[in-house]
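Work through the exercises below with the sequence and the coordinates open. Each task is followed by a solution in steps.

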Amino acid sequence: MTRPVPRFPADFVWGVSTASYQIEGAIHEGGRGPTSWDAFTARPGAIVDGSSGEVACDHYHRYPEDVALMRELGVDAYRFSIAWSRIQPDGRGPANAEGLAFYDRLVDALLEAGIAPTPTLFHWDTPLALEDAGGWRERDTAERLGEYAAIVAEHLGDRVKRWITINEPVVLTMLGYGAGIQAPGLTLGLEALPVAHHLLLGHGRAVEALRAAGAVDVGIACNHAPTWPASDAPEDLAAAGFYDILANTLFSDPLLLGEYPEPVVPMLPPGALDDLPVISAPLDFYGINYYNPTLVSAPDPDAAGLVDGHELDADLPFALQELEGYPRTDFDWPVVPEGLTELLVGFRERYGDRLPPVVITENGCAIIDGPGPDGAVHDQRRIDYTAAHLGAVADAIAAGVDVRGYFHWSLMDNFEWAVGYTQRFGLVHIDYETQKRTPKESFAWYRDVIAAQR
Ligand code: FCB
């Protein structure tokens, strides 16, 4: 059953999200420098279908068509990311005019279509020169992000009003540097924690640069997952408590309270606490990416111990368990809309007035769909998923949480990191052979939802 979408506040922002490496392609064009993802995807076995973002959705060339689709969809805003290495091919030094020109064209096309450009400065595609010098293990990378943010803000600030600094520092830290499932593919386990700090500092430096350029609508996009203990046994509660710190409060506490959860402090780089004033500079909104809760137990040799099909071999003080009893997406992620209400209400309780207005910067589901004999893509499960999650947001608003917008992940099918093109998250289907775009049934449904809110 599709939950009817309730009425949202009149100024609620309706949007869709994407990210540069997942859609742009054209990796050798426009003076773009190589990134951590170009190197990672070249490693045999790193990506399940052996693919890469080399062509992806060819958005670099087809952005006019994609903007036209968004105009048809009727979104207020489009969250995309800027590829750092198009602007600074080596991650430092002067701006590459051709790179800036691409985002000029995109931003102008969006404005022309009445869509507010909402760029994320950094969505995981670290310039390879910086990655090779230690990437986010190094404090210098945070300083470089600030310098890059200044260039972009200066250039686009006359037209871009809403900015997102970085995407999901937790995933880059844990899956990229901790578990080796994503770029750069390092398996540092808990020794990856300095990466989290440097990403947060990079965020703070980007905020400084954006403010210096006059930006008044600045936020971050953090992935959060309610952590559910596998049982009431003290070992499970302790393990879940620790996991919750790593996945959630390690990021939200420094950003919103200006302090790190006590247990992680010894794992941070020396002097990290001195950076807290920069990290906790006030934000205009806090972006939350939500997919599903996580069920956690004490270490357990029999636990699935899997993240999206990958074994976690690091020696960790917790185990991830299958969350049974819920429908699942084709990516095998449990569908738990009430987890989003729980998360939002929990944030409001924990952070009170320190929590700025919240924007859902990502939410969506993978369904392996494609055009049927009639040429249409019947993705009722995506409609049901989205309706249920919008309902969960409305429930949180009714409970007093100030949520100002919802960006569906994603506008179109795209390169889904370690699983390549095997999972489809789009409202628009992409035929990767022909680059034909086919709006799915969920596209028409979302268009009607947005129109009905007006
Ligand atoms: C998030 C990422 C986004 C996308 C979705 C499915 O973790 O930010 O790029 O891959 O998951």
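This is a predicted model: local features need pLDDT of at least 70, side-chain atom pairs count only at pLDDT 80 or more; totals for chains, interfaces and linings use all residues.

**Exercise 1.** In what order do the 8 strands of the barrel follow one another, and in which sense do they pair? Then describe the place of strand 3.

Solution. 
Step 1: The 8 strands close in the order 1-2-3-4-5-7-12-13, with parallel pairing. On average, neighbouring strands of this sheet are turned by 25° against each other, direction ignored.
Step 2: examine the two pairings of strand 3 given here. With strand 2 (residues 77-81), strand 3 pairs in the parallel sense over 5 bridges; Tyr78 has Pro117 as its bridge partner in strand 3. With strand 4 (residues 162-167), strand 3 pairs in the parallel sense over 2 bridges. Thr120 stands opposite Ile164 of strand 4, and Phe122 stands opposite Ile166 of strand 4.
Step 3: Helix 8 (residues 169-178) lies across strand 3, strand 4 and strand 5 (217-223), at about 35° to strand 5. Helix 12 (residues 337-351) packs on the sheet and touches strand 7 (285-289), strand 12 (358-362) and strand 13 (403-409). The direction of helix 12 makes about 150° with that of strand 7.

**Exercise 2.** Why does the distance between the end C-alpha atoms of helix 7 (residues 139-156) agree with its 18 residues? Which residues of helix 7 are buried, and what covers them?

Solution. 
Step 1: compute the expected span. The rule is 1.5 Å times one less than the number of residues. For the 18 residues of helix 7 this should give 26 Å.
Step 2: compare. The end C-alpha atoms of helix 7 are 26 Å apart, so the two values agree.
Step 3: list the buried residues. They are Thr141, Ala142, Arg144, Leu145, Gly146, Tyr148, Ala149, Ile151, Val152, Ala153 and Leu156.
Step 4: name the cover. It includes helix 4 (84-87), helix 5 (97-112), strand 3, helix 6, strand 4 and helix 9 (193-212).

**Exercise 3.** How many residues has the largest nonpolar core, and which of them have the most contacts inside it?

Solution. 
Step 1: take the general expectation. In soluble globular proteins, nonpolar side chains tend to be buried together.
Step 2: give the count. The largest nonpolar core has 137 residues, and Trp136 and Tyr446 have the most contacts inside it. Helix 10 (residues 234-257) contributes the largest share of this core, 11 residues.
Step 3: look for another core. A second, separate core has 12 residues, among them Tyr291, Val335, Cys365 and Phe425.

**Exercise 4.** Do strand 14 (residues 428-431) and strand 15 (residues 436-439) run parallel or antiparallel?

Solution. 
Step 1: read the pairing. The two strands run antiparallel and are joined by 4 bridges. His429 has Thr438 as its bridge partner in strand 15.
Step 2: inspect the turn. The hairpin of strand 14 and strand 15 has 4 residues between the strands, and Gln435 takes a positive phi near 65°.

Key: Residues are numbered from 1 along each chain as its sequence is written. Side-chain values use heavy atoms; hydrogens and water are left out. A nonpolar core is a set of buried Ala, Val, Leu, Ile, Met, Phe, Trp, Tyr and Cys residues joined through side-chain atoms within 4.5 Å. Buried means under 20% relative accessible area, exposed over 50%, partly exposed in between (1.4 Å probe, protein chains only). Two strands pair if DSSP finds at least two bridges between them. Axes are lines fitted to C-alpha atoms, for helices over the stretch in contact, and angles run from 0 to 180 degrees between N-to-C directions. Contact means heavy atoms within 4.5 Å.
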